Amino acid sequence: GKEAVEMTKEWDDASTSLRMATGASKETVDQYMESYNELGKEIGAVTGSVSNSADMWLRQGYNISDTNELIKSSMILSTVAQMDSADSAKYLTSSMKGYHVAVSDVIGIVDKLCQVDLNAAVSVDGLAEGMSKVSAVAESAGISMDRLLGYLAVIGESSGQEMSSVGTALRTIFLRMQDIKSGKLELIDEDGTTELLSDVETSLKNVGIDFITLGNHFLDNEEICA
């Protein structure tokens, strides 16, 4: 009886949140909740988690059709990675917006994460979190999603560092490379320390990487990182 009361309260809270996010009537939201209940049964997730995922996507301005597509992708990721549905939606949001992925192709991100997980000693949730930290910067730096996932997996596997830290480190690397290319050769840290980014070029040369080709052109970031 206690569980029934708690489930009823969870259902009512989720319905209220969806009504606030959509502005829809109670009858319409009840229909949404019924469909989310069926989806939850299909993918092995509880209705509350599915509705929470729906709430996150709807608040980003997606219509019902796109939201339902995104819910499936994020809930599959949540179930496979055993992560919170809110985190799943958050990580997918960063990755899809960073790489300008269409709603219909978001499930492909989940597929890529799972494939890397099968071939490297890194977890799906760790990869998703790491990619969310760097996806936008990586895309603007010309790093493909496949290549980025490879970098995250190799560094995470060999270093044993948290994937969040690995993603943040890659973000810093890509940003500094972009700064060098744009001629911004000084970086002032939070403590006021000035770092000369021209030293990066010297450091790369010391390990056999020429940042600038003979024609005085910068190498692509993928070539440097490879």
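1. A definition to start with: two aromatic rings count as a pair if their centres lie within 6.5 Å, and planes over 60 degrees apart make the pair edge-to-face. With that in hand, a search of the whole structure, which is a predicted model, turns up one aromatic pair. Its members are W57 and Y62: the ring centres are 5.9 Å apart and the planes meet at 70 degrees, so this pair is edge-to-face.

2. Now for the overall picture. The protein has 11 helices and two strands. Of its 226 residues, 39% are buried. The accessible surface amounts to about 12300 Å², and carbon and sulfur atoms supply 49% of it. If you take the contacts between residues at least 6 apart in sequence, 54% of them link residues at least 24 apart.

3. After the helix comes Q82, whose phi is positive, near 55 degrees. Buried residues of α4 are T67, L70, I71, S73, S74, M75, L77, S78 and A81.

4. Please also look at helix α6, residues 106-119. Its 14 residues should span 20 Å at 1.5 Å a residue, and the end C-alpha atoms are 21 Å apart, which agrees. Which residues of α6 are buried? They are V106, I109, V110, L113 and V116. These residues cover an arc of only 130 degrees around the axis, so they sit on the same side of α6.

5. On the face turned away from the buried side, α6 carries the exposed residues L118 and N119.

6. V106 shows some of this packing at the level of one residue. With 0% relative accessibility, V106 counts as buried. Apart from neighbours within four places in sequence, V106 is in contact with L70, S73, L92, M96 and V101. Among these, L70 and S73 are also buried residues of α4. The C-alpha atoms of V106 and L92 are 7.7 Å apart, although 14 residues separate the two along the chain.

7. My last stop is S95, in helix α5 (residues 85-98). Why does S95 count as buried? Because its relative accessibility is 1%, and the label applies under 20%. Not counting residues up to four places away in sequence, S95 touches V101, I109, M131, S132, S135 and M145. One of these, I109, is also a buried residue of α6.

Technical notes. Residues are numbered from 1 along each chain as its sequence is written. This is a predicted model: local features need pLDDT of at least 70, side-chain atom pairs count only at pLDDT 80 or more; totals for chains, interfaces and linings use all residues. Side-chain values use heavy atoms; hydrogens and water are left out. Buried means under 20% relative accessible area, exposed over 50%, partly exposed in between (1.4 Å probe, protein chains only). Helices (H or I, at least four residues) and strands (E, at least two) are DSSP runs, numbered from the N terminus. Contact means heavy atoms within 4.5 Å. Accessible areas come from the Shrake-Rupley method with a 1.4 Å probe; for residues, only the protein chains shown count as cover. The expected span of a helix is 1.5 Å times one less than its number of residues. The arc is that of the directions from the helix axis to the C-beta atoms. Rings of Phe, Tyr and Trp (its six-membered ring) pair if their centres lie within 6.5 Å; planes under 30 degrees apart count as stacked, over 60 as edge-to-face and the rest as tilted.
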